[in-house]
Amino acid sequence: GLELDRKVSTGVGAMFAINLALTQLRRGAFVEAEQAMQPFADSAIAGADATFELVYRLAGLAAAFGQRPLSDWEARLDRVVALIDQTGMTDPDVAWPLEIAGQQARLRGQGDAATALLELALAQWSSIGDAEAVARLRAP
């Protein structure tokens with residue numbers, strides 16, 4: 001039916017938007033990353049599976065911290081942590097956006113957010129077994 005078609009095409013479009021946002025994040029293009037995701041903000045989350053929502057929320061958090069301090073970072077991070085727990089996901093595509101978000105939070109003067117994000121990134125990289133990333137995050 002039409003509703004299913006709409007959901008599938010939204011899903012494909014939203015997946016494309018997330019991949020574009022992740023590419024922009026890797027380039028440090030935070031405004032562009034956030035813009036890539038904006039058309040799908042509500043539709044992407046409605047009925048999305050937890051893995052998709054996790055990557056979506058991580059990309060959004062990193063893109064936002066790349067531009068400004070966040071007053072609502074704790075609520076946003078709580079949701080990310082819940083999704084990591086729910087999915088049991090350990091993946092580079094979870095680890096590096098956490099690391100970027102943490103670095104950007106530190107640059108914005110939000111030390112508590114930076115610490116929480118970088119600890120999560122360290123846990124991800126440790127679980128993955130990426131010794132280089134672990135050493136990078138443990139360096140003073």
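Biologist: Is Arg 79 buried, partly exposed or exposed?

Modeller: In this predicted model, the relative accessible area of Arg 79 comes to 32%. Since buried means under 20% and exposed over 50%, the class that applies to Arg 79 is partly exposed.

Biologist: Which residues do salt bridges that share partners join into one network with Arg 79?

Modeller: The side chain of Arg 79 meets that of Glu 53 in a salt bridge, at 2.9 Å from N to O. Arg 79 lies in helix α5 and Glu 53 in helix α4, so this pair ties together parts that are 26 residues apart in sequence. Glu 53 also forms a salt bridge with Arg 57, where the closest N and O atoms are 2.6 Å apart, and these two residues of α4 are separated by about one helical turn. The residues joined with Arg 79 into one network are therefore Glu 53 and Arg 57.

Biologist: How many residues apart in sequence are the parts that Glu 34 and Arg 68 tie together?

Modeller: Glu 34 and Arg 68 form a salt bridge whose closest N and O atoms are 2.9 Å apart. Because Glu 34 lies in helix α2 and Arg 68 in the loop between α4 and α5, the parts tied together are apart in sequence by 34 residues.

Biologist: Against which helices do the buried residues of α8 pack?

Modeller: The buried residues of α8 are Ala 133, Val 134 and Leu 137. Seen down the helix axis, they fall within an arc of 100 degrees, so they line one face of α8, while the face turned away from the buried side carries the exposed residues Ala 131 and Glu 132. The helices against which the buried residues pack are α6 and α7.

How values were computed: Residues are numbered from 1 along each chain as its sequence is written. This is a predicted model: local features need pLDDT of at least 70, side-chain atom pairs count only at pLDDT 80 or more; totals for chains, interfaces and linings use all residues. Side-chain values use heavy atoms; hydrogens and water are left out. Buried means under 20% relative accessible area, exposed over 50%, partly exposed in between (1.4 Å probe, protein chains only). Helices (H or I, at least four residues) and strands (E, at least two) are DSSP runs, numbered from the N terminus. The arc is that of the directions from the helix axis to the C-beta atoms. Contact means heavy atoms within 4.5 Å. A salt bridge is a side-chain nitrogen of Lys or Arg within 4 Å of a carboxyl oxygen of Asp or Glu.
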